[in-house]
Amino acid sequence: MTTAAATPNPSACALPWWKQTTVYQVYPRSFCDTNGDGIGDLRGVLSKLDVLAELGVETLWLTPFFDSPGRDLGYDVRDYRKIGAESGTFADLVELRQELSRRGMRLVFDLVLNHTSDQHPWFQQALLCPKSPERDYYLFRKGKGPRGDKPPNNWRSMIGPSGWQRDPTSGDYYFTSFLPFQPDLNHRNPAVTRNMLSIVRFFLEQGADGLRLDIFNALLKDPSFADNPFSFRPLPSEENPDGFFQQNLYTINHKDSIEFARTLRAFVDSVPEPEQPDGTLPRPGKERFLVGEVFGPPKLLRSYLGMPDDGLNLVFLFKTLRTPFSAEAFFDLIEEYEREFPAPLLPTWVLGNHDKPRYIERLGNDARRAKVLSTLQLCARGVPFVYQGEEIGMTNLDLPADSALDPLSNMYGFVPTELRRLLRKKGILLNRDECRTPMQWSMDENAGFAPPGTRPFLPVHPGFPFCNVEAQRKDPTSLFQHYKRLFALRRAFAALHGGSLALWHKTSVPKGVLAFTRQHEAQTVFVLLHFADDEAEVRLPFACEPLYSTHGSPLLPPSRRLRLRPFEAVLLTPIPGSLGTFAP
Ligand code: NOJ
């Protein structure tokens, strides 16, 4: 599969760890169930650490596992200081931290700042007692109209309908940016800021090396509560959150949310790291990272990173999800990210998550194409986020809308199945259960996700006998082995985890080929990606040694040429002393 003759440059790259890392997203609920309740748990994550370490991922991001009624499967938090009974205990978390630390791995928590569950004691108190201070923890407003039974303004939730919900007792309305049972917190109330920052401190004390910030760009709304203007856009996208015929002028990406990124960063940097599980002394601050879930054009998202870098450390960039599979489109995307996120800033590379359709479906479930795209993801400059199951090519599962656990699906229950499938191909997932099916570990019952005789909380994808970790670990040509090889190369080569990136000019490679150079000090890696189903010959600037090919050994005829096969991705390094003949 691989020929790695060249020795990695031993000079370690001086960047902070989080700039060099690779993140693997675990959706604990569907990762591994150890207690037989059909729901994945922290001990399940623990039990799979060896496989994850073998795969070579460096940082785990765990989606919320705190106490929640579970109506949005953890993103509706009832108690931020308590672990959900179905997920495990603090003792499990401590053990998880210890075991991660033993393997040199890091842990990222998911922090929901924008809203709580409507079962949170603050909200319960706010409903019960309109005069209580908790009432102002949320966005309550009087309704309009003579009877006060019209929403206070036209603000929509991010998912379509009006974001205003009526409290039947007082007749007032409260605002929800997402689902109706997730009331938005009032981040203009200093008591809310104080409370939420103390939760941030608590998360850091529990050993979080980083925080993923849920819908961070909805945090602060305009205090005028003025109507949002009309927009012609029917549907929002990752790049433009305007939609449902509304421009989100006063609700999304408000300048105060962007400013809050700096407050949060300063706070996180001021909290000393807790003692390490191995008893070593706390390290100074500034070692943790914040990654924001934000939507908008890359130019705007960049502003969350501060002036120039005193805000969030990273923002998710979802433009990859809608970029067509072509060398030209990804050339333009890399060019844009390099322009908008120049060093010391870094882009992120995301192909999917627990809300998005699994990317391999968009590629016709073709592992060759998936290898090309994941090579780009893991070799371009930036922090890659890999969603569990991507490394074995798990695909979406068609599930009936009427039995969905995802409340979003129920809200859009009227959309016919064919249209849902079509939307999924376009990157819109109405039933998020379809990308959250249990992780496929083996050919055993329940794909090894849960003990025999257990009924998993979501059905296992019937393709699991052919698509599972155990089988792919044994197959040198599998997607799992491909990811494993790339994680290892990325870790070994400072050029890949910390170097600069230069795109080769479009005219220096044949159509269908995208090539770029990664460079750190004297170390150079060339990455060549062939997006087409034909053969292509590339002239190399130097005589090269192969590091990796998705097709076995790369075809390197003499005279500085590389013959790329259909959908082949190749990594090369120049042979020292070989002189270049042209600058790509
Ligand atoms: C974004 C999360 O990724 C999603 O799963 C959740 O439903 C919403 N935010 C609301 O918290």
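Trainee: How far is a polar side-chain atom of R432 from an oxygen atom of the ligand?

Mentor: This is a predicted model, in which local features need pLDDT of at least 70 and side-chain atom pairs count only at pLDDT 80 or more, while totals for chains, interfaces and linings use all residues. Side-chain values use heavy atoms, with hydrogens and water left out, and residues are numbered from 1 along each chain as its sequence is written. The R432 atom and the ligand oxygen are separated by 2.9 Å.

Trainee: Which residue has a side-chain N or O atom 2.5 Å from an oxygen atom of the ligand?

Mentor: R212 also places a polar side-chain atom by a ligand oxygen, at 3.1 Å. The separation of 2.5 Å belongs to an N or O atom in the side chain of D72.

Trainee: What share of the ligand's area does the protein bury?

Mentor: Taken alone, the ligand exposes 290 Å² (accessible area, Shrake-Rupley method with a 1.4 Å probe). Of that area, the part buried by the protein is 99%.

Trainee: How many residues of the shell around the ligand are charged?

Mentor: The ligand sits in the largest pocket, a pocket being an open set of points on a 1 Å grid where a 1.4 Å probe fits, with protein on both sides within 12 Å along at least five of seven lines; sitting there requires more than half of the ligand's atoms within 2 Å of the grid points. Around the ligand are 13 residues (a heavy atom within 4 Å), of which D72, D214, H354, D355 and R432 come nearest. With Asp, Glu, Lys and Arg counted as charged, the shell divides into 3 nonpolar, 3 polar and, as charged residues, 7.

Trainee: In the open sheet of 8 strands, which are the edge strands?

Mentor: The strands (DSSP E runs of at least two residues) follow the order β11-β10-β9-β5-β2-β1-β13-β12 with parallel pairing, where pairing takes at least two bridges. Inside this sheet, β9 (210-213) and β10 (289-292) pair over 4 bridges, and L211 has L290 in β10 as its bridge partner. Pairing on one side only are β11 (314-315) and β12 (348-350).

Trainee: Which residue in β8 is the bridge partner of R166?

Mentor: An open sheet of 3 strands has the order β6-β8-β7 and antiparallel pairing, with β6 (140-141) and β7 (164-166) as its edges. β7 and β8 (173-175) pair over 3 bridges. In β8, R166 is partnered by Y173.

Definitions and conventions:
Polar contact = N/O pair within 3.5 Å; in protein donor to acceptor, adjacent residues only side chain to side chain. 1 Å grid on protein atoms, 1.4 Å probe; cavity = no way out; pocket = protein on both sides within 12 Å on 5 of 7 lines; lining within 4 Å.
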